[in-house]
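Hi,

Here is the structure I promised to send over. Have a look at it first, then read my notes below.

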Amino acid sequence: LEDEAIALIARAADGSVRDGLSLLDRAIAHGGDSISGDEVRAMLGLADRTGIFDLFEHLLSGDIAAALTEIRALYDGGADPLVVLQDLLDLTHWLTRLKVAPSAADDVTVPEAERVRGAAFAEKLSMPVLTRTWQVLLKGVGECRTAPSAISAVEMVLVRLAYAADLPTPA
């Protein structure tokens, strides 16, 4: 059992021991003796964290073509579109925490690459941009849940977010 696989299962269980054991049982059934992070990610419909960071960067730089290519690659790789939006929400929350409390980057449970990249994002992005991003993504999660096609709904949310990146702040 790879450390990354354990971390993904723990994150998906969200504090529930019963859910964690159930997910671990499913992973063992799918992977046997050797369970990798990629296998757990596929089983849960999760996106690779690097892909989430890349998608976030494309969105906030206003590069909608690259963002749509990235979301399609994540989707084709088995990521659930709703989970991708939720991952973007989690990333936005974490970056906001880094912005107001930079010591949060010292959390050893976060991989080094994410800490470095997250600190760079938090330094570069303003609080109005982060809060606007949060609001667009939060509204998008609700839209994705009720849309007939989750991937279409997510793509539309991402288009909205990429175009909002160029807008001036309320100030």
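Let's start with Thr 92, which touches Phe 56, Leu 130, Thr 133, Trp 134 and Leu 137, leaving aside residues up to four places away in sequence. Keep in mind as you click around that this is a predicted model. Thr 92 sits in helix α6. Is Thr 92 buried or exposed? Its relative accessibility is 0%, so Thr 92 counts as buried; the cut-off for buried is under 20%.

Next, the nonpolar core. The largest one has 39 residues, and Leu 55, Leu 85, Leu 88 and Leu 95 are the ones that touch the most other members. The largest share, 9 residues, is supplied by α6.

Now for a pair of helices. Two packed helices are described by the angle between their axes and the distance between those axes. For α8 and α9, the axes come within 9 Å and cross at roughly 165°. Angles over 145 degrees count as roughly antiparallel, so α8 is roughly antiparallel to α9. The crossing of α8 past α9 is right-handed.

Who meets whom there? On the α8 side you'll find Arg 132, Thr 133, Val 136, Leu 137, Lys 139, Gly 140, Glu 143 and Cys 144. They meet Ala 150, Ala 153, Val 154, Val 157, Arg 160, Leu 161 and Ala 164 of α9. Sorted by class, this contact of α8 with α9 has 9 nonpolar, 2 polar and 4 charged residues.

One last stop is Asp 54, in helix α4. Asp 54 has 24% relative accessibility, so this residue counts as partly exposed. Which residues does Asp 54 touch, not counting those up to four places away in sequence? They are Glu 70 and Arg 117. If you want a distance to check on screen, the C-alpha atoms of Asp 54 and Ile 35 are separated by 26 Å, and these two residues are 19 residues apart along the chain.

Happy browsing!

Conventions: Residues are numbered from 1 along each chain as its sequence is written. This is a predicted model: local features need pLDDT of at least 70, side-chain atom pairs count only at pLDDT 80 or more; totals for chains, interfaces and linings use all residues. Side-chain values use heavy atoms; hydrogens and water are left out. A nonpolar core is a set of buried Ala, Val, Leu, Ile, Met, Phe, Trp, Tyr and Cys residues joined through side-chain atoms within 4.5 Å. Buried means under 20% relative accessible area, exposed over 50%, partly exposed in between (1.4 Å probe, protein chains only). Helices (H or I, at least four residues) and strands (E, at least two) are DSSP runs, numbered from the N terminus. Contact means heavy atoms within 4.5 Å. Axes are lines fitted to C-alpha atoms, for helices over the stretch in contact, and angles run from 0 to 180 degrees between N-to-C directions. Angles under 35 degrees count as roughly parallel, over 145 as roughly antiparallel, 65 to 115 as roughly perpendicular and the rest as oblique. A crossing is left-handed if the near helix is turned anticlockwise from the far one by less than a right angle, and right-handed if clockwise. Ala, Val, Leu, Ile, Met, Phe, Trp, Tyr, Cys and Pro count as nonpolar, Asp, Glu, Lys and Arg as charged, and the others, Gly among them, as polar.
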